[in-house]
Amino acid sequence: MSEYKKPQSEKDFSKNFAQIKPLMSDTEAYYESSRCLFCYDAPCVNACPTGIDIPLFIRQINSKNEMGAAKTIYDSNFLGHACGKVCPTEVLCEGACVYNNTDVKPIEIGRLQSFATGKAIRTNRKFYLPGKSNGKKVAVIGAGPAGISCACELRMMGFDVDVFEAKEKPSGLTVHGVAPYKITNEEALAEMKYLQDQFGFHITYCKSIQSKEDLSTLENNYDAIFIGIGLGKTSDLKIKGEELENVIGAVEFAEQLRTKHHQVNVPQKVVVLGGGNTAMDAASEAARMGAEVILAYRRTKEEMPAYDFEYELAKSVGAKGLFNVTPVEIIGENGKVSGIKLKSTSDGNEFIENCNWVIKATGQSKQIDLLRLAGISLDEKGRIAVNEEFQTSNKKYFAAGDAVSGGQEVVNAVANGKKAAWGIKEFLK
Amino acid sequence: MADLITNLSGIKSPNPFWLASAPPTNSGYQIMKAFDAGWGGAVWKTLGVPVVNVSSRYGALNYRDTRMMGFSNIELITDRPLRDNLREIEEVKKRFPDHAVIASLMVETKEEWHQIMKDVTNAGADGVELNFGCPHGMCERGMGSAVGQEPKVLKTIVSWVKEVATIPVIVKLTPNISDITRPALAAVEGGGDAISLINTIQSIVGVDIDKFVPYPIVDGRSSNGGYCGPAVKPIAMNMLKNCAQHPGVNIPISGIGGIENWRDAVEFILLGATSVQVCTAVMHYGFGIIREMVAGLEQYMDEKGFKTLDDFRGKALQNIMHWEDLNLKYKIVADIHEEKCIGCQLCYTACEDGAHQAIGLKENGADRKPFIIEENCVGCNLCSLVCPVEGCITMERRDDGKQQLTWKERTLEGNIPKTFNDELAGGLHHWVPEPADALRKKTPLHYKSV
């Protein structure tokens, strides 16, 4: 039995997908910020990939200097608002809070961060001006967290920046892939607009860079190129029945959900394959769409790569875990999914789990073709190989984000996109 | 069972908890409600020629998430006609004959003092409290703290009152003076039966940094207020101690200043108070706090085996010495209980920047628990005070407990530093880092490899 009713309207959808980290009120932020101990060499800062001076911005919130707090955050992280909402703070800043070492609840750093940055965005308070033009131009492929972070930093340094985005909106996974209960489209896009207004980089939408000609044009017109293309479609399982209607990739599902909301027709029973955070998201999302969800993973619960809190979240909305099972075949009737044959990895027994949908959250493919065209070397896992300055084997190309990491958090992409900008500056010196 | 019955120079109440003369005692309604809730006595909002008040009247000092840690007011004495107050005093006394009703008074001339004394005595008040403390509004008219700051004037007015008094007279003192014992002695000399302290402290509680006006704001302007609340308790207790220890101040004392729970009351009684008066805490939380105060005091007394308040009144006074009589041989050092440490390193940074660089960090960043460098530790307590974990840093005794040497004794022996570069300087052999080490920013000063 699922705990959520199938949403019939936008209102139902927002209710089922209520923000798990809602924006704080002034009062809540004041009381929460009062609790911060202002640790020396604070562990939360060390745990943040972008190194935000967290005790400082919390102290600024507490002294009613919210704009100062927002600037402290943006000085380290251009996607400060989005990161406050979508970061797995439980394993990053909040996980490092010293209050965890006693029986006190850690400071809600993510929500305080979104509180301050949200005020800056809503009042359109600008902290930065582009640097004086240095006459050099950089192309950024992909308007996701890595690309935008890189673009902002490059503009600060005085580069001209053009961003090319295959989709019709910026933000990358923040708008197209992150679970809707973590951030709303409006919030993600508002921050993008806020940044674009300040830094003045140009974004061309619906412009996919795919061919040798596309690359040649960029190479001829720009001094350096940054690649922040993320990952591709969900990988094939290579099992029978995979081609059936209603076998869907987790990333594709998330994207549908983020764009079509309650209009996505999720059937009554769904099996999600995988044990990573994407699988947990898919399970949570399907459950909130009113489905009965089974989360099938090939190893034990303990071996799941997903964060514990993500599994707990999926369980809390009704998803049930099924461990030590591997998919053998997807069974269909009239071209549609009717069940999935699973095999126990412990005793080899096979059984059929009836379902109407199978969501594959078993990894995404790499966008290898483009990278080959650009002459960029990949590592053994198909990720872009970069040096410490995020420069690829083709010196003119720099890269960061999921295409380099193989799939990390938004905050890692932001951190590395910025570092790549420093690499580009060094390269073009 | 502990007996809380209180007797301050003949003013009796079922417990030592009185409402101070302030907005909570503005009317018979409030005082009856308070007595019904369990308060032992009430000092009526100061009576005199009624005033006209302004709006607004209060400002607060909030500390982080704590509201009204300090509180300031510019309200004056009663703005109600005397006849209404007298009628209500009578009514309250009829309903609560065993509770203490004390009339706070503030008038100018001898004739007025004599008249108002007669009036409140007729109304049934158990005693009076002469308001020589109010530091705002009334003092400009030669009353309130203007009297409290002039011992001679204070003594004269007390003696006027005593000429006609048939009920006990408490003299309320202002803290806006350098030596509180001077007006206290004047009160004794004038014939006062008791003193009460402290009244509020002259203050600017805060400034609106956008409008450039201090709080509370009255049509774009402000005025100094009278400061009270938990923040003033240490000042009040020191003044209480000064009076209670003074052999000339041989009359009972009603303690006032930042009291909001039983523990505060016990502290005041240990420093010599006979009754305690409360205002800000009631203005913040209402009369209901009395339940916690009475229950806590009873439990404390039962646990300690004290049957009456007299059993422990002034018990801490004998342990308050002059600095020169403290034992210089007593040596404590900080001890961090690692199992409780949460790794905030506040002790490290406090000692490093605010004390004696006696706490180190381990080079291995994963272990954030600091360690004490005993030879540098002067036993100042700072680390244990900033530590957010109960019982994590304790101060441990290191001397053998057998030696006793005070500054006074050393002075008598001539064994004290006498010149600027004297070899006897206490810190001469105490390690201090080189100044330029401050700019070596790579690592903390004290690092221990682990």
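Predicted model: local features only at pLDDT ≥ 70, side-chain atom pairs only at ≥ 80, totals over all residues.
Tutor: Local features here need pLDDT of at least 70, and side-chain atom pairs count only at pLDDT 80 or more. Residues are numbered from 1 along each chain as its sequence is written.

Student: Why is the pair B:Arg368 and A:Asp41 called a salt bridge?

Tutor: The term requires a side-chain nitrogen of Lys or Arg within 4 Å of a carboxyl oxygen of Asp or Glu. The closest N and O atoms of B:Arg368 and A:Asp41 are 4.0 Å apart, so the pair is called a salt bridge. Across the interface of the two chains, the rule finds one.

Student: What makes residues of chain B count as being in contact with chain A?

Tutor: Contact means heavy atoms within 4.5 Å. By that rule, 14 residues of chain B are in contact with 16 residues of chain A.

Student: How much area do chain B and chain A bury between them?

Tutor: Buried area is the accessible area (1.4 Å probe) that two parts lose on being put together, summed over both. For chain B and chain A the value is about 1400 Å², with 54% of it on carbon and sulfur atoms.

Student: How do you know that the span of helix 7 of chain B is close to the expected one?

Tutor: The expected span is 1.5 Å times one less than the number of residues. Helix 7 (residues 233-245), a DSSP run of H or I with at least four residues, has 13 residues and reaches 18 Å from its first C-alpha to its last, close to the 18 Å expected.

Student: Which residues of helix 7 of chain B are buried?

Tutor: Buried means under 20% relative accessible area (1.4 Å probe, protein chains only). Among them are B:Ala236, B:Met239 and B:Leu240.

Technical notes. Chains lettered and ligands numbered in written order. Heavy atoms only, no water. Helix = DSSP H or I, 4+ residues; strand = E, 2+ residues; numbered from the N terminus. Buried < 20%, exposed > 50% of the residue type's maximum accessible area, 1.4 Å probe, protein only.
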